[in-house]
Amino acid sequence: MGLGSLIESIWNWVVERANLREIPFRRVPYTYFDLDHWLGAIVASAFAWLAITGLLLLIWYDASNPYNGTMRIINEIPYGKLLLSSHLYAAHLMILSAYIHMFRNFFKAAYKKPRELLWIVGVLTGVVTLNTAFLGYVLIGDITSSDAINVGKGVVTGVFGAELGNYLLALLFGTSPQETYRRVLAFHVISAALLALLFVVHLALFEAYGPPADPKESRWKASLSIINQLRRDLAPWFPTNFLYILYMTGVTWGILLALLSLALLYRDIHPLISPLPGPPAGVETEHPPYPPWFFLFFYKIADFVFLSIQNPIVISLGPIIMTIPESPILVPFIVGIALPLLYLITVPFLDRRDERHPLKRPVHTAIGALIVVYLIQATIWGALTPGEPIHLDKALTVMLPPMATTVLGVYILSRSHGRVAVSRATISRGVAALYIGVFLLASSGITLALRSWESFLLIGSRDSLLSASLGALGGGVGLLLISSLPRVGASSAGSPDPSGRAVEETVRRVEEAEKETPVWMLILGAFYLVLVIASIPALIYIDPISRTSAVSAALSIIMLSLGGLSHMAYRTTNVIPYGDTYRELKPHIAILIIMIIAIVGLKP
Amino acid sequence: MVWLTRRDLIRYMAAAGIAGAIGSLIVPTIRYITPPALSGSANYPRSLLVFSNGDPVKTSELPVNKLYFFYYPLIDTQAVLINLGDESGKPLEVKSVELPTVMFPLKDFSLATGGTPRPIEGPPNASKYVFPGGVGPYRSIVAYSFICQHLGCIYPQLRFHKPGEPTSLRTNPPEIGEKGGVFHCRCHGTVYDPYRGAAVLLDPSIRPLPNIVLEWDSSTDHLYAVGVVGPTIFGKICNLCGDTIKDKVTVYTAEELAKML
């Protein structure tokens, strides 16, 4: 008996004993393996990286001396700099990809019956993610961290009132400086554990009904969106899904480490995307008072002076008299965070119809687009003008054009659907015209109406220009969003035929997969394998403290190779023809491009 | 018949690549979690022994056969200082002797109680070191790492049984414990001879206690701890792997030690 057959028999034994071929997870058709259906895997991979690096960082974190302890991890512990900075970048990636994952499922209405609970748990997971991120960057003890503690105190007392707010703050930060970082560390880990728990619940709820069926199979109907598990063209979870997850994980980690490698090369990197801590608290510095980018939107909303309550407001409803205390932050919090969040949590109950097509539920599509635009605009605004107070006229100049564009655009598109065959070009032209009109009306009209000519020309010209540009940008984003919505028409006409000829063809192709393994795949696979083997000594012998960017690059190349090999292995189990070699090669081209970026980071 | 299909080759390559990628993380992870102190300091500190009131220890102030405790060379490695003598209280000269770091138990009486020295032997490949003997006017003062080399028991499990002191000390064979003058560990019964470099009298330990090298300044009568010879201190990768003691080290009596803990 040769070595090959020994390995094979051991492997078969493991597969059989672990019952891997019949893992009771939802199965999806062979055609579902693409980025659109796997955005959640990016979030999950980033979270996995965070969990691994976070647990390792616990070994060295020193709550009694947070800043110097952090600098020690960076400057003295082998691979400490890599772990700490990649922990931060993975958090950035997780938050960004979670937003993308959420809005994809919002616009495709994946929250509809029977997946309401899956959606709600998902939104809550996002909230806990941001909470964990807040507690995480506080731990560093640099100037951003100490600002965050102070701003956090202001927000909590401003929202919950002095009495309850200060009690909550004592719970969170303790009552003495020595206690603060120990508590924040504990709550960071607790919050991460809660995140892991919610993530497991989110996955379990996903398993309850699986992903929504493709529009062309379900005709955009929520009631038809469950994939029949008796269909013949379903891929086995193991190994197909498993290998695809490995591929997503490898590529996600590879991108993360390649970008980190570049970022570590540049000393003068902008503080918002710097992978390393800022200067310590209490030292005079030019460092701008930024929160991390994912809180910039709220930072800007908090600058909206017209939203601050200067004097207590007394509301009397018959016998009930309520007093809203003076607070600069309460209304911004409600408008900027609480209401959008409340909307996102309750949208499965606000939008209960069977229709999943974005243009057949125009109100929610418009609201979703406006939330996206608002997040982008306010984030950029916060980055450009940190801490500058914003008056009503400027806020309107920025907020109105995208609102008008989006609302009217979605309205017109949804009205025109079904009556006329609308081409994408028609839509774009129509919306562009609309946009120009609304933009001119809103930005110039409102700016000039509320401000005098003098102030526009003399004092506020730069600011007004900035506001107008941001308004235009928001309108552009809104336009881009709605013009990329799927057309109503062709896709709603097709009917699924799970027993038809197409399915038989799929099954035949998968069974004859061997013939579909081209020679280039073998060569590329050998190339990846060589890269992994060559990078291992590089990873071990490059000095991890002085040349972290090179180590990150080497690790990136290893992870990307892992991703590439996993994708090949996945293709041996799923050979739906892509049609041509270019499309077959696409994931590998992407991997090779990111590898080239990583190689830049390898430079001494 | 194809012995290896393209599909299987791809799968084997993927398995190797995935295993290699995961394996590549092992060395960095181990390097990351290894405490840097394990590389150790270069030199032993030269530490003046002082009493808990801050006064330097003078050999004339050390009563015979009384244990003093101190931490050397690291802040968590307990050691004892003792002015050895016979049962009448007369200091005894402790001679230099060569010891192997791994040794067979001697199974004879402590030198303090009239044992006839037997040849000290260890396995042929055991490295040897020279126990420098006692210091002070009578060459009677010695210091040892006081962590049993068997399984790490410390005072009060490891204690000094004075020569001639009536005792219920049970050793196997019993006569070795009877006359005293030994370090005895109550955990598993190891007996060391403090008069012969803490050589092993009775197993289960196979290593003598490491010796803290002392230096006596005859002009001031002060004592300094200057190094460690013998086997590596129990529980340490190396004798200097950790936080080392500075240039002063406090000695405590058993009572002071109890109050401190």
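## Helix axes across the chains

Axes here are lines fitted to C-alpha atoms, for helices over the stretch in contact, with angles from 0 to 180 degrees between N-to-C directions. In this predicted model, the axes of H21(A) and H1(B) come within 9 Å and cross at roughly 155 degrees. H21(A) is therefore roughly antiparallel to H1(B), since angles over 145 degrees count as such. The crossing of the two helices is left-handed.

Which residues of H21(A) and H1(B) meet? From H21(A) come A:Ile558, A:Met559, A:Ser561, A:Leu562, A:Leu565, A:Ser566, A:Met568 and A:Ala569. They meet B:Ile10, B:Arg11, B:Met13, B:Ala14, B:Gly17, B:Ile18 and B:Ala21 of H1(B). By class, this helix contact has 11 nonpolar, three polar and one charged residues.

## The contact between chains A and B

Chain B puts 20 residues into the contact, and chain A puts in 34 residues. On chain B, helix H1 (6-23) and helix H2 (26-33) each supply at least two residues of the side that touches chain A. H1(B) gives the most to that side, with 12 residues. The side of chain B that touches chain A has 12 nonpolar, four polar and four charged residues.

## Chain A: makeup and a helix pair

The secondary structure of chain A comes to 22 helices and two strands. Chain A has 604 residues, and 41% of them are buried. Among its contacts with a separation of 6 or more, 81% are between residues 24 or more positions apart.

H21(A) also pairs within its own chain. Helix H10 (residues 237-265) and helix H21 (residues 548-571) of chain A have axes that come within 7 Å and cross at roughly 160 degrees. That angle makes H10(A) roughly antiparallel to H21(A). The crossing of H10(A) and H21(A) is left-handed. Their contact has 18 nonpolar, 11 polar and no charged residues.

## Chain B: strands around E13

Strand E1 (residues 47-51) and strand E13 (residues 248-253) of chain B pair in the parallel sense, over four bridges. Within this pair, B:Leu49 has B:Val249 in E13(B) as its bridge partner.

E13(B) also pairs with strand E2 (residues 67-71) of chain B. This pairing is antiparallel and runs over two bridges. Here B:Tyr68 has B:Thr253 in E13(B) as its bridge partner.

## Chain B: a four-stranded open sheet

An open sheet in chain B has four strands in the order E7-E8-E9-E10, with antiparallel pairing. Which strands stand at the edges? They are strand E7 (158-161) and strand E10 (199-202) of chain B. Each has a single partner strand, so one side of each is left without a neighbour in the sheet. Neighbouring strands of this sheet are turned by 35 degrees against each other on average, direction ignored.

Inside the order, strand E8 (residues 182-185) and strand E9 (residues 191-193) of chain B run antiparallel and are joined by two bridges. B:Phe183 stands opposite B:Tyr192 in E9(B).

## Cis peptide bonds

Chain A has a cis peptide bond between A:Phe238 and A:Pro239, with omega about 5 degrees. A:Pro239 sits in helix H10 of chain A. That is the helix whose axis comes within 7 Å of the axis of H21(A).

In chain B, a cis peptide bond joins B:Tyr72 and B:Pro73, with omega about 0 degrees. B:Pro73 is in the loop between E2 and strand E3 (78-83) of chain B.

## Positive phi in two loop residues

A:Tyr79 is not a glycine, yet its phi is positive, near 65 degrees. Its place is the loop between helix H3 (66-75) and helix H4 (80-107) of chain A. Is A:Tyr79 buried or exposed? A:Tyr79 counts as buried because it has 26 C-beta neighbours inside 10 Å, and the cut-off for a buried residue is 20 or more.

B:Asn65, likewise not a glycine, has a positive phi of about 60 degrees. B:Asn65 lies in the loop between E1 and E2 of chain B. With 24 other C-beta atoms within 10 Å, B:Asn65 is buried.

Notes. Residues are numbered from 1 along each chain as its sequence is written. Chains are lettered from A and ligands numbered from 1 in the order in which they are written. This is a predicted model: local features need pLDDT of at least 70, side-chain atom pairs count only at pLDDT 80 or more; totals for chains, interfaces and linings use all residues. Two residues are in contact if their C-beta atoms, placed from the backbone, lie within 7 Å. Ala, Val, Leu, Ile, Met, Phe, Trp, Tyr, Cys and Pro count as nonpolar, Asp, Glu, Lys and Arg as charged, and the others, Gly among them, as polar. Angles under 35 degrees count as roughly parallel, over 145 as roughly antiparallel, 65 to 115 as roughly perpendicular and the rest as oblique. A crossing is left-handed if the near helix is turned anticlockwise from the far one by less than a right angle, and right-handed if clockwise. Two strands pair if DSSP finds at least two bridges between them. A residue is buried if 20 or more other C-beta atoms lie within 10 Å of its own, exposed if 12 or fewer, and partly exposed in between; C-beta atoms are placed from the backbone.
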